Amino acid sequence: MNDIGASLALALRLITGGDPSLWHVVLLSLEVSLAAAALACLLGLPLGALVAVERFPGRRAAIVTLNALLALPSVVVGLVVYLLLSRAGPLGSLGILFTPTAIVIAQAILVMPIVAALARQFVEDGWRDYEEQLRSFGVTPLRAIPTLLWDLRYALFTVVLAGFGRAASEVGAVMIVGGNIDGVTRVMTTAIALETSKGDLPLALGLGIVLLAIVLALNAVAYAIREWSAKHHG
Amino acid sequence: MGEAMLPLEARALTVRFNGHTAIEDVSFSLDGAMPAVILGANGAGKSVLLRVLHGLIAPTSGSVTWSGANERPRAQAMVFQRPVLLRRPALANIEYALAVNGIGGAERTARAREALERVGLSHLAHRQARVLSGGEQQRLALARASALRPRVLFLDEPTSSLDPTASADVERIVGEIRAGGTAIVMTTHNLGLAKRVAGEILFLHAGRLVERAPAQSFFNHPRSPEAAAFLEGELPWSVSSPA
Ligand SMILES: Nc1ncnc2c1ncn2[C@@H]1O[C@H](COP(=O)(O)OP(=O)(O)OP(=O)(O)O)[C@@H](O)[C@H]1O
Ligand SMILES: [Mg+2]
């Protein structure tokens with residue numbers, strides 16, 4: 001077990017020493033995950049809100065589909081995105097397979113259902129409280145969506161963070177559509193997988209620690225925001 | 001708002017919630033000339049009736065018409081027994097209601113400020129609405145509804161969480177709103193408030209309109225035994241829910 005101790009020491013030195021290859025991977029991870037989370041929220045928040053407030057034909061089917069999408073195996077998503085973006089695929093002409101953009105797309109597809117499902121829950125609860133008051137003002141359910149998204153912004157921010165955390169910790173799909181190319185599409189998770197299999201434990205551990213720290217920090221921020229909003233906004 | 005809305009007519013209104021009858025066969029017509037107070041014990045159906053009139057609940061049977069038409073006119077507002085304030089400052093709450101009713105620009109701000117002023121909350125304009133005290137929230141809700149300059153204003157227990165001074169304030173504000181040409185329809189189980197404000201009384205008991213009378217004659221000579229018992233403070237709990 002001395003091996004692990006030594007690796008850990010080396011990992012900490014990599015982190016604190018500002019090892020450029022490590023920080024490049026970290027930065028790229030953050031960039032693509034942020035973009036993916038943003039994209040997923042852009043679609044997922046309004047979609048979740050829509051399903052929460054509107055009674056439309058096919059609403060049940062939409063809910064079941066969204067819930068099913070929650071359980072999407074990420075490698076299957078990776079495979080499908082790969083097929084779409086590969087040279088022979090329908091979107092092959094874009095030439096974005098094995099680029100960070102491809103990673104963003106795959107992550108966004110995985111994160112969107114999570115954002116939509118969580119948003120639906122929050123907005124549905126909110127709508128129960130707000131519905132009569134808003135309808136009294138003459139606000140239709142559709143028109144209430146931006147109001148609710150804004151009024152529930154602190155609760156929904158934790159949804160955004162959850163989406164970001166999910167994107168940042170994704171491996172399978174990212175490996176398939178990104179290709180784990182050094183300096184181009186190598187992100188924290190795929191680097192950890194690769195370095196571990198190569199036996200370069202210090203780098204793998206160093207990245208693992210950073211990833212863990214990010215996830216912890218996200219949760220701390222989410223908690224702080226809840227506390228703060230409860231105190232200042234009621 | 002030159003819309004001809006009144007009279008507001010309820011015809012044979014019945015409201016049931018999974019078999020439980022909240023309102024039964026209630027009919028009346030309001031011309032808005034005098035403040036109408038819907039009086040009754042807890043659970044008598046006052047809030048439900050107000051919601052039906054305001055168009056928030058569709059009656060199980062019967063109808064509500066405005067000046068003979070079925071369409072719900074926009075120039076009406078309601079202050080709920082438990083108002084829902086948006087997570088934004090007090091002033092912004094009023095501005096929101098105005099915005100969704102198509103009032104923008106300088107007029108929106110001016111009307112919102114004026115409404116806040118009227119309820120004595122100008123100094124709290126920029127405070128988050130949800131952290132206001134219960135009484136302040138109720139006054140803000142009143143300001144928000146009145147800023148819409150409705151032709152008819154529904155008030156559900158507008159003083160239930162207020163101290164005596166704030167209650168008196170609300171009564172004064174309601175009087176001002178009425179003087180501005182807004183018809184008032186209010187529920188309460190507060191006899192003092194009803195006596196001071198009401199032009200006429202609609203007394204609900206167990207979902208039924210038991211008595212309707214000018215306020216003075218109602219308080220001096222209630223015709224129904226239920227109303228008499230209610231005024232004596234002797235209405236037994238057990239009869240307040242319909243069989
Ligand atoms: N959405 C609902 N679903 C089921 N029952 C309801 C609903 N709303 C009201 N009721 C029932 O209808 C009856 C009348 O309720 P309502 O709120 O109108 O009473 P109220 O006269 O306003 O009483 P209070 O003085 O306590 O406000 C009650 O028995 C209540 O439980
Ligand atoms: Mg009530």
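This is a tour of a predicted model, taken one selection at a time.

**Chain A as a whole**

Begin by selecting chain A and colouring it by secondary structure. The C-alpha atoms fill a box of roughly 65 × 50 × 25 Å along the principal axes. Of the 234 residues in chain A, 46% are buried. The chain exposes about 11,400 Å², and carbon and sulfur atoms supply 70% of that area.

**A nonpolar patch on the surface**

Next, select Val75(A), Val76(A), Val80(A), Leu84(A), Leu91(A) and Leu94(A). Together they form a nonpolar surface patch with about 480 Å² of accessible area. Pick out Leu84(A), which lies in helix α4, residues 74-85 of chain A.

**Salt bridges in chain A**

Now go to helix α9 of chain A, residues 188-198, and show the side chains of Lys198(A) and Glu195(A). They form a salt bridge, with the closest N and O atoms 3.5 Å apart. The two residues are three positions apart in the helix, so about one helical turn separates them. Residues three or four places apart on an α-helix point the same way, because the helix has 3.6 residues a turn. Lys198(A) is exposed, with a relative accessible area of 57%, whereas Glu195(A) is buried at 4%.

Then select Arg59(A), Arg120(A) and Glu124(A), which are linked in a network of salt bridges.

**Across to chain B**

Which residue of chain A meets the side chain of Arg51(B) in a salt bridge? The partner is Glu132(A), at 2.6 Å from N to O. Arg51(B) belongs to helix α1 of chain B and Glu132(A) to helix α5 of chain A, so this pair joins two chains. Arg51(B) is buried, with a relative accessible area of 19%; Glu132(A) is partly exposed at 24%.

Stay with helix α1 of chain B and select residues 46-54. Nine of its nine residues are buried, so the helix is largely enclosed by the rest of the structure. Among them are Lys46(B) and His54(B). Just after this helix, Gly55(B) takes a positive phi of about 90°.

**The domains and the cores**

Colour chain B by its domain assignment: domain 1 is 1-75 + 150-243, and domain 2 is 86-149. Their C-alpha centres lie 25 Å apart. At the contact between them, 19 residues of domain 1 meet 13 residues of domain 2.

Now select Ile94(B), Leu140(B), Leu142(B), Leu153(B) and Ile201(B). These have the most contacts inside the largest nonpolar core, which has 100 residues. Helix α5 of chain A, residues 100-136, gives the most to this core, with 15 residues. A second, separate core of 32 residues includes Ile38(B), Val64(B), Met78(B) and Phe80(B).

Zoom in on Ile94(B): among the residues it touches are Ala112(B), Leu116(B), Leu140(B) and Arg144(B).

**Last stops in chain B**

Select Arg196(B) and Glu171(B), whose side chains meet in a salt bridge at 2.6 Å, N to O. Arg196(B) sits in helix α6 and Glu171(B) in helix α5, 25 residues apart. Arg196(B) is exposed at 54% relative accessible area, while Glu171(B) is buried at 16%.

End at Pro225(B), in helix α8, residues 225-232 of chain B. Pro225(B) is exposed, with a relative accessible area of 63%.

How values were computed
Residues numbered from 1 in each chain as written. Chains lettered and ligands numbered in written order. Predicted model: local features only at pLDDT ≥ 70, side-chain atom pairs only at ≥ 80, totals over all residues. Heavy atoms only, no water. Patch = residues over 30% accessible without salt bridge, like charges linked within 9 Å, V, L, I, M, F, W, Y side chains within 5 Å. Areas by Shrake-Rupley, 256 points an atom, 1.4 Å probe, with all protein chains shown as cover. Salt bridge = Lys/Arg side-chain N within 4 Å of Asp/Glu carboxyl O. Helix = DSSP H or I, 4+ residues; strand = E, 2+ residues; numbered from the N terminus. Core = buried A, V, L, I, M, F, W, Y, C linked by side-chain atoms within 4.5 Å. Buried < 20%, exposed > 50% of the residue type's maximum accessible area, 1.4 Å probe, protein only. Contact = heavy atoms within 4.5 Å. Domains from an automatic or database assignment.
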